[in-house]
Amino acid sequence: IRVPHVKISDVDIDADGFTFKFFLKPYFLRLTFPGEVVEDDRTKARYDISTGEVLVHLPKKMKGEYFDGLDMLTTLLAPSKKHAKPVVGSSLIEMVGDESVVAEDSDDSLDW
């Protein structure tokens with residue numbers, strides 16, 4: 001992760017399930033992996049001051065699991081709909097329009 005000219009002590013890294021988040025003002029990165037990752041004592045991050053890059057090593061939850069599509073940056077950057085938590089109290093279906101209006105049946109041809 002390239003983040004030049006920053007105070008690296010303010011970095012916040014979070015790995016939870018399928019999501020990895022990196023925050024260091026003014027930078028924010030969220031990646032959604034095809035498999036689960038964990039943040040534990042095996043997690044490592046190193047900052048190279050000469051290049052301004054942070055190298056992060058995240059362990060997989062299931063060692064040896066194959067993560068397909070890691071070369072597809074747009075897929076990694078897109079929020080996951082598959083693993084998203086539903087919003088409590090929200091309706092996924094919304095009625096649109098006025099139900100009292102009945103469509104007209106017209107056998108007349110249109111006069112263009």
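Predicted model: local features only at pLDDT ≥ 70, side-chain atom pairs only at ≥ 80, totals over all residues.
**Entry 1: the second largest pocket**

I began with the classes of residue lining the second largest pocket, and I counted 12 nonpolar, 1 polar and 2 charged residues. In this count Ala, Val, Leu, Ile, Met, Phe, Trp, Tyr, Cys and Pro are nonpolar, Asp, Glu, Lys and Arg are charged, and the others, Gly among them, are polar. Residues are numbered from 1 along each chain as its sequence is written, and side-chain values use heavy atoms, with hydrogens and water left out.

I then looked up the volume of the second largest pocket, which is about 270 Å³. Of its 15 lining residues, those closest to the centre are Leu31, Phe33, Val56, His57 and Leu58. A pocket here is an open set of points on a 1 Å grid over the protein atoms alone, where a 1.4 Å probe fits and protein lies on both sides within 12 Å along at least five of seven lines; lining residues have an atom within 4 Å of a point. Grid points are joined across faces, edges and corners, and the volume is the space filled by probe spheres set on the points.

Which strand gives the largest share of this lining? I found that E4 does, with 5 residues, and that strands E2 (27–37) and E4 (53–57) each supply at least two.

**Entry 2: the overall layout**

I listed 1 helix and 4 strands in the protein, in the order β-β-β-β-α from the N terminus on. These are DSSP runs numbered from the N terminus, with helices (H or I) of at least four residues and strands (E) of at least two. Of the 112 residues of the protein, 17% count as buried, where buried means under 20% relative accessible area, exposed over 50%, and partly exposed in between (1.4 Å probe, protein chains only).

**Entry 3: the largest nonpolar core**

I looked up the largest nonpolar core and found 13 residues, with Val3, Phe20, Phe22, Leu29, Leu31, Phe33 and Val37 having the most contacts inside it. Strand E1 (12–24) and E2 each supply at least two residues of this core, and the largest share, 5 residues, comes from E1. Such a core is a set of buried Ala, Val, Leu, Ile, Met, Phe, Trp, Tyr and Cys residues joined through side-chain atoms within 4.5 Å.

**Entry 4: the salt bridges**

How many salt bridges does a search of the whole structure find? I found 2, each defined by a side-chain nitrogen of Lys or Arg within 4 Å of a carboxyl oxygen of Asp or Glu.

In one of them Lys61 pairs with Glu36, the closest N and O atoms being 3.7 Å apart. Lys61 lies in the loop between E4 and helix H1 (73–77) and Glu36 in strand E2, so the pair ties together parts that are 25 residues apart in sequence. Lys61 is exposed at 51% relative accessible area, whereas Glu36 is partly exposed at 27%.

I also noted the salt bridge between the side chains of Asp40 and Arg42 (2.9 Å, N to O). Asp40 is partly exposed at 30%, and Arg42 is partly exposed at 43%.
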